[in-house]
Amino acid sequence: MKQRLKLGKISGIPLYMHWTFPLLILYFVYDGLNRGLDTVGLLWLVGFILTIFFCVVLHELGHSLSARWYGIDTEDITLLPIGGVARLKAMPRKPWREIVVALMGPMVNVVIAAGLFIYFWLTSQSAMHGIPEEADGLVINGTNFLSWLFLTNVGLVVFNCIPAFPMDGGRVLRGLLGLRFKRVTATKIASILGRICAVGFAALSFLPGQSPFLLFIAIFIYFTASQEYHSVKTEEALREKTVRNAMRTQFTLIPAETNLDEVIPYITSTAEQGFLVVESTEYGTDLKGGVTRPAIVRAIKRHKGQESFFEKYLSRRRSKVNSFFVHELMNDRVRYLTPDMPLPMVYQEMMQLRISVMPVRENNELVGVLDYHQIQEFIKLNS
Ligand SMILES: [Zn+2]
């Protein structure tokens, strides 16, 4: 999501275009040229794609503006080749609100399609006006532009109503289940149904005459459905919890100059998965960084030549350290926490900054340690 271009702001919401988006336009131009379209034909085609993406922006605004109505802001809207993404700062937790916010996107496409349908009706045209029955690729012209626009908006509504994450239908389904079940349970059921849908699509994609694109969508839906359940489970377990709830107050400090022979007692005498690394100076002890148990174990195995083929491959990619001191294995980025910090924020930072061991300080004194493994355990125990 990083490589993107800001297009502007709509109702105070930044609108971005992902760098791959122009590639989609280029692909259509290339495909059009191959099919022998002339300049006018190409301009119609590009104009049509841009119009569709304008409809997609309106769809995302449907979500964003209805969320705003419930006091939820939107971070930004990004245009990707596969569609638009509106990143809401939070998902509405009340089932009815989630249903409304999810429905307001496709509703925009329903309104566009209905508007076009009324236009066709008033001008006594067919909705399929100018669209040949057997089309050899997409050919857009002044006669069939609105018909294609109508069909595509209907297609967007149908696609988004598939009851699986990340489609809007998945959120509506979760909202409906949420009226009866707890949020985590509702998500679990919706996620399982989504995965069943995905397996169905995958099976369909193997039928003769189906495009491999369907299989791609099926895989995408399968993983997004699983991911959604995992993230809601995490979110619920960490909600309203602070560092104090998950931190360890008994912890082992390892001196930075500890070598291979000396480190083994440290890891055999405790089950801790993350250690803080310290260095003694004339003023006291300095915190240098953090090291995880798996990193130490891997280094010991490497040193003794006991790693498996796979581990050898991984360690070759990771580092070329031959001498062995703890300070060579540690992550030297130190991020101090306080016991009152909200746990969801800390967890997010841990993943973003890639720091797996963090010291907890209160009144300038080291009072605890929080590591990634502990948070994982905490999520398991609390969900
Ligand atoms: Zn949507």
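**Hairpins, helix pairs and domains in the predicted model**

Thr281 stands opposite Gly284 in strand 7. The model is a predicted one, in which local features need pLDDT of at least 70 and side-chain atom pairs count only at pLDDT 80 or more, while totals for chains, interfaces and linings use all residues. Residues are numbered from 1 along each chain as its sequence is written.

Strand 6 (residues 274-281) pairs with strand 7 in the antiparallel sense over 8 bridges; strands here are DSSP runs of E with at least two residues, helices are runs of H or I with at least four, and both are numbered from the N terminus. Two strands pair if DSSP finds at least two bridges between them. Strand 6 and strand 7 form a hairpin, with 2 residues between them. They belong to an open sheet of 3 strands in the order 5-6-7, where the pairing is mixed. Strand 5 (253-255) and strand 7 (284-292) are the edge strands, each pairing on one side only. On average, neighbouring strands of this sheet are turned by 40 degrees against each other, direction ignored.

The axes of helix 9 (residues 260-268) and helix 10 (residues 293-304) cross at roughly 140 degrees and come within 11 Å. Axes are lines fitted to C-alpha atoms, for helices over the stretch in contact, and angles run from 0 to 180 degrees between N-to-C directions. Leu260, Val263 and Ile267 of helix 9 meet Arg293, Ile296, Ile300 and His303 of helix 10, where contact requires C-beta atoms, placed from the backbone, within 7 Å. The residues of this contact divide into 5 nonpolar, 1 polar and 1 charged (Ala, Val, Leu, Ile, Met, Phe, Trp, Tyr, Cys and Pro count as nonpolar, Asp, Glu, Lys and Arg as charged, and the others, Gly among them, as polar).

Another helix pair consists of helix 1 (residues 21-34) and helix 2 (residues 39-69), whose axes come within 10 Å and cross at roughly 150 degrees. That angle makes helix 1 roughly antiparallel to helix 2. Ile25, Phe28, Val29 and Gly32 of helix 1 make the contact with Gly41, Leu42, Leu45, Val46 and Ile49 of helix 2. This contact has 7 nonpolar, 2 polar and no charged residues.

Helix 2 also lies across strand 1, strand 2 (13-18), strand 3 and strand 4, and runs at about 20 degrees to strand 4. These 4 strands form an open sheet in the order 1-2-3-4, with mixed pairing. Its edge strands are strand 1 (4-10) and strand 4 (83-88), each of which pairs on one side only. Neighbouring strands of this sheet are turned by 25 degrees against each other on average, direction ignored. Strand 3 (residues 74-80) and strand 4 run antiparallel and are joined by 6 bridges. Thr78 stands opposite Val85 in strand 4.

The protein is divided into domain 1 (1-161), domain 2 (164-239) and domain 3 (243-292 + 326-381), with bounds from an automatic or database domain assignment. The C-alpha centres of domain 2 and domain 3 lie 36 Å apart. Their contact takes 6 residues from domain 2 and 5 residues from domain 3. The side of domain 2 that touches domain 3 has 2 nonpolar, 1 polar and 3 charged residues.

Key
Contact = placed C-beta atoms within 7 Å. Parallel < 35°, antiparallel > 145°, perpendicular 65-115°, else oblique.
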